[in-house]
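Let's walk through this fold together, one question at a time. Have the model open beside you as you read.

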Amino acid sequence: MADDYLVRIGKLIRDARQHRGWTQSQLADALGTSQSAVNRIERGNQNISLEMIARIGEALDSEIVSLGYAGPMHLRVVGGRRLSGAIDVKTSKNACVALLCASLLNKGRTVLRRVARIEEVYRLLEVLNSIGVRTRWINEGVDLEIVPPARLDMDAMDADAARRTRSIIMFLGPLLHRMDHFRLPYAGGCDLGTRTIEPHMIALRRFGLDITATEGIYHAQVEAGVSPDRPIVLTERGDTVTENALLAAARHDGVSVIRNASSNYMVQDLCFFLEALGVKVEGIGTTTLTVHGVPVIDVDVDYSPSEDPVEAMSLLAAAVVTESELTIRRVPIEFMEIELAVLEEMGLDHDRSAEYVADNGRTRLVDLTVRPSKLEAPIDKIHPMPFPGLNIDNVPFFAAIAAVAQGQTLIHDWVYDNRAIYLTDLNRLGGRLQLLDPHRVLVEGPTRWRAAEMMCPPALRPAVVVLLAMMAAEGTSVLRNVYVINRGYEELAERLNSVGAQIEIFRDI
């Protein structure tokens, strides 16, 4: 019996290592042990302590075992079922985490409506609480109240929670106005290859922030009185880079111009929130933002972030791959128009309601009904572009959609170093995806999906793509360790079940 458990644990460790993209030698280096020892562990041929399992889990950022609470969450999916009815899109994950960081600008009380209750938000709340920010769920757990202290206790920061989210990088912009030096752990989150923070440093240096990195910690030093003397030109049109620059400019006493700015959905929501704080932002929705900063922000603010276009795309893809008729309500259409135009060319049968306004008073929404369609592969490759192009995070869903279309589709995911690699996990479910290089995948359709048991990819969107394919596959599939999905989606399994899916949540003992 003990040997059987060692083999099972070894298999979990091996799968987690492979999904991280590490060799046995790389894991051995991280643990301070030998490659041969890792090999014995993975084959179940070596006794292993709980301490070592915990160390391996931390190194691989994988919940291999959990002490003191229920173990990793898994999903058992009975596929081949048609979806029907209607489902609402939740508020934007990426907007919510940006607004949580932005709440540090305000000395007053911030209330955010219908905040996404996801792991990414929980990690940020753990960090905020640890440094003295009071947060509580109100209105039956729907809304979030945030009250900052007079002084943040940065020495008490929950470093483990901070390392598990990339969003911690957006603390830099607000914090440079609150203290002359501070430390932040390296940003974590999805395993999407090297994501340099240099663009953030280039932008924030113009506000007097200087960063040095040592042993997993960013050491920040702020030089008082430094002010941008010319427009800030971002070296990449990234969402979080733009948000960090906006957060720095919001309390800068003067006018800051940010060029080559992202105009994506979460950036627009942040701009609307800053306006609610009394900060004037010109050029919202364009690549040039002019920010009229307010040195002191002390207001009670109530704000409703808009809906998530990537979740909307996830639900649309679920309908397509399961050949279902499904109505997706509260779709932020401005951020889905290119995707729908591509899908129309592929033959998608759908219609949409008249537009109406989101609770933030600015974002345009529609209700979208998707019906079973005979799809053809697109003539051109699928590739992302900054808004208003096809959304970077929506690209993976086209892998599942292309897999049910007739013909070959080239997907070029040029932004991330290795996200395209994880899309080839669809091959274990019957897909025919050929990896051309770390950024390009050739998808052959149509696909006869088949059930399988597998580890969840460590990147959020490819993980959901695998789940959608399991929903289309006849038989019972198992997707293990779905923490990464919970980082970005609130109760996804339960909500899909409400429209006809059959997904069971279970945990190992």
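Axes here are lines fitted to C-alpha atoms, for helices over the stretch in contact, and angles run from 0 to 180 degrees between N-to-C directions. Helices (H or I, at least four residues) and strands (E, at least two) are DSSP runs, numbered from the N terminus. This is a predicted model in which local features need pLDDT of at least 70 and side-chain atom pairs count only at pLDDT 80 or more, while totals for chains, interfaces and linings use all residues. Residues are numbered from 1 along each chain as its sequence is written, and side-chain values use heavy atoms, with hydrogens and water left out.

Q: Are helices α12 and α14 roughly parallel or roughly antiparallel to each other?
A: The axes of α12 (residues 309-321) and α14 (residues 395-403) come within 9 Å and cross at roughly 10°. Angles under 35 degrees count as roughly parallel, over 145 as roughly antiparallel, 65 to 115 as roughly perpendicular and the rest as oblique. The two helices, α12 and α14, are therefore roughly parallel.

Q: How many nonpolar residues does the contact of α12 with α14 have?
A: Contact means heavy atoms within 4.5 Å. On the α12 side the residues include V310, M313 and L316, and they meet F397, F398, A400 and I401 in α14. Ala, Val, Leu, Ile, Met, Phe, Trp, Tyr, Cys and Pro count as nonpolar, Asp, Glu, Lys and Arg as charged, and the others, Gly among them, as polar. By class, the contact has one polar residue, no charged ones, and a nonpolar count of 10.

Q: How many charged residues are in the contact of α10 with α11?
A: Helix α10 (residues 239-250) packs against α11 (residues 265-276) at about 10°, with axes 10 Å apart. D239, T242, E243, L246, L247 and A250 in α10 meet M266, V267, L270, C271 and L274 in α11. This contact has eight nonpolar residues, one polar, and a charged count of two.
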